[in-house]
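Subject: Structure handover

Hello,

Here is the structure we spoke about. Please open it first, then read my notes below.

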Amino acid sequence: MIFTIAFFIIAIIRCLFWFQFFSNFRKVPVNTSASGKLPGVSVIVVVKNEYFHLQKLVPELLSQKYANFEIIIVDDFSTDESFAFLKSFEDQRLTVIKCDKDLPGKKYALSQAIDQANNELILLTDGDCLPASEEWIHKMVTSMTTQTEIVLGFGMMEKKGHLAGLLSRYDSLFTATLYGSAANLGLPYMGVGRNLLYSKSLYQHVGGYEKHEDLPSGDDDLQIQLMANNTNTTICLDEKAFTYTEPKASFKEWVKQKMRHISVATAYKNNIKNYLIFYALMHLVFIYLGIFSTYFYPLYTLAIFAIFYIMTLPVNFKNYKKLGEEKLAYFFPLADITFAIINPLLLMLAQTSTPDKWK
């Protein structure tokens, strides 16, 4: 009985945390006074063998309804037709450069582009992404206030029916609610390079990527931890400001992507690590203690599971709806159990494997 009682107590604690924490995933006031002259923006994309995706991305970027922006695309040693395709555009807003060092990750290529940027605001996305609308730049910029130097955007996965697609969609969805809620609570710890805005002067103030240049990954999360504080960061929850990308086509590719992301977790700031460890432990103890308790008191345990997931459903539904994925709220119980099994395995693999070079 002691395991079931402990499980019940953990369920209460986790439920209270859920209501307290994830209720902060909400829109923040936008800069409605910014209807006049808006600052210049440098949209930066690093690409490697993205010829197919660039055929869609470049026209979408050039069609943005924003008065003052440039696009800088860095070809990071592509072996396909990416560079030739990019050079075929005759638009003064588009600058194409070749990366001059073939290094793991894309930090060096990003730094080349940022150094050449003519504008104070840097807006990042990836070669395999597409903005949700022609107002992407405008919505991201007008999310800023006089104090804001960083806007965390959201990069969502396209809706694909296969298993890897479903895992990618849910993982990106839950990660978005996690870092978005944390930012609104004054603890910004990450963004996604698929959709991220910050000031060039802030980037330069912290020394660019120098403090973690030895790590292939981390150009978004580790960089945000260097630059962000509880007053200079906001989120943009306008659906017109999202970006979308195709999820990985196979479970193997998704695992490789996750391991690259997890591999930099040891470099996180201690307070961030403690926060994420607390959340992960609460998740794992809830699931595994519940599974263990089911052996002794299955009816009581299953009832507690059911009550927890029913209680948290309204919060999840409300948050997921903001990201256009409300149907995945009903997938939460299965995903919660699935990721409690997958995440520890991925963490162990990430600690014993060498992350793949960014491709």
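A residue is called buried here when its relative accessible area is under 20%. Cys-236 has a relative accessible area of 3%, so Cys-236 is buried. Keep in mind throughout that this is a predicted model.

**Overall build**

The protein chain has twelve helices and ten strands. A compact globule of 359 residues would have a radius of gyration near 21 Å, and the protein chain agrees, with 21 Å. Along the principal axes, the C-alpha atoms fill a box of roughly 70 × 45 × 35 Å. Of the 359 residues, 52% count as buried. The accessible surface comes to about 16,900 Å². Carbon and sulfur atoms account for 60% of that surface.

**Cores**

The largest nonpolar core has 80 residues. Which members touch the most others? They are Ile-150, Phe-154, Tyr-170, Tyr-189, Tyr-198 and Leu-323. Helix α6, residues 163–184, gives the most to this core, with nine residues. There is also a second, separate core of 29 residues. Val-41, Val-47, Leu-54 and Val-58 are among its members.

Phe-154 deserves a look on screen. Set aside its neighbours within four places in sequence. Phe-154 is then in contact with Phe-25, Ala-176, Tyr-179, Gly-180 and Asn-195, among others. The list also includes Ile-235, Cys-236, Leu-237, Phe-242, Thr-243 and Leu-323. So two residues already named turn up again as partners of Phe-154: the buried Cys-236 and the core member Leu-323.

Helix α10 covers residues 270–296, 27 residues in total. From its first C-alpha to its last, α10 reaches 38 Å, close to the 39 Å expected at 1.5 Å a residue. Which of its residues are buried? Ile-272, Tyr-275, Tyr-279, Met-282 and His-283 are among them. Phe-286, Ile-287, Leu-289, Gly-290 and Ser-293 are buried too.

Thr-338 sits in helix α12, residues 332–352. At 24% relative accessibility, Thr-338 counts as partly exposed. Thr-338 and Phe-154 are 184 residues apart along the chain, and their C-alpha atoms are separated by 24 Å.

**Cysteines**

How many disulfides does the whole structure hold? The search finds zero. Cys-99 is in no disulfide. The nearest cysteine sulfur to it is that of Cys-129, 19 Å away. Cys-99 counts as buried because its relative accessibility is 8%. A disulfide needs its two sulfur atoms within 2.5 Å.

**Two loop residues with positive phi**

Asn-49 has a positive phi of about 55°, although it is not a glycine. Asn-49 is in the loop between β1 (41–47) and α2 (51–62). Its relative accessibility is 35%, so Asn-49 counts as partly exposed.

Phe-77 is not a glycine either, and has a positive phi of about 60°. The loop that holds Phe-77 runs between β2 (69–75) and α3 (82–87). Is Phe-77 buried or partly exposed? Phe-77 is partly exposed, with a relative accessible area of 33%.

Best wishes

Definitions and conventions. Residues are numbered from 1 along each chain as its sequence is written. This is a predicted model: local features need pLDDT of at least 70, side-chain atom pairs count only at pLDDT 80 or more; totals for chains, interfaces and linings use all residues. Side-chain values use heavy atoms; hydrogens and water are left out. A nonpolar core is a set of buried Ala, Val, Leu, Ile, Met, Phe, Trp, Tyr and Cys residues joined through side-chain atoms within 4.5 Å. Buried means under 20% relative accessible area, exposed over 50%, partly exposed in between (1.4 Å probe, protein chains only). Helices (H or I, at least four residues) and strands (E, at least two) are DSSP runs, numbered from the N terminus. Contact means heavy atoms within 4.5 Å. The expected span of a helix is 1.5 Å times one less than its number of residues. The radius of gyration is taken over C-alpha atoms; the globule rule is 2.2 Å times the number of residues to the power 0.38. Accessible areas come from the Shrake-Rupley method with a 1.4 Å probe; for residues, only the protein chains shown count as cover.
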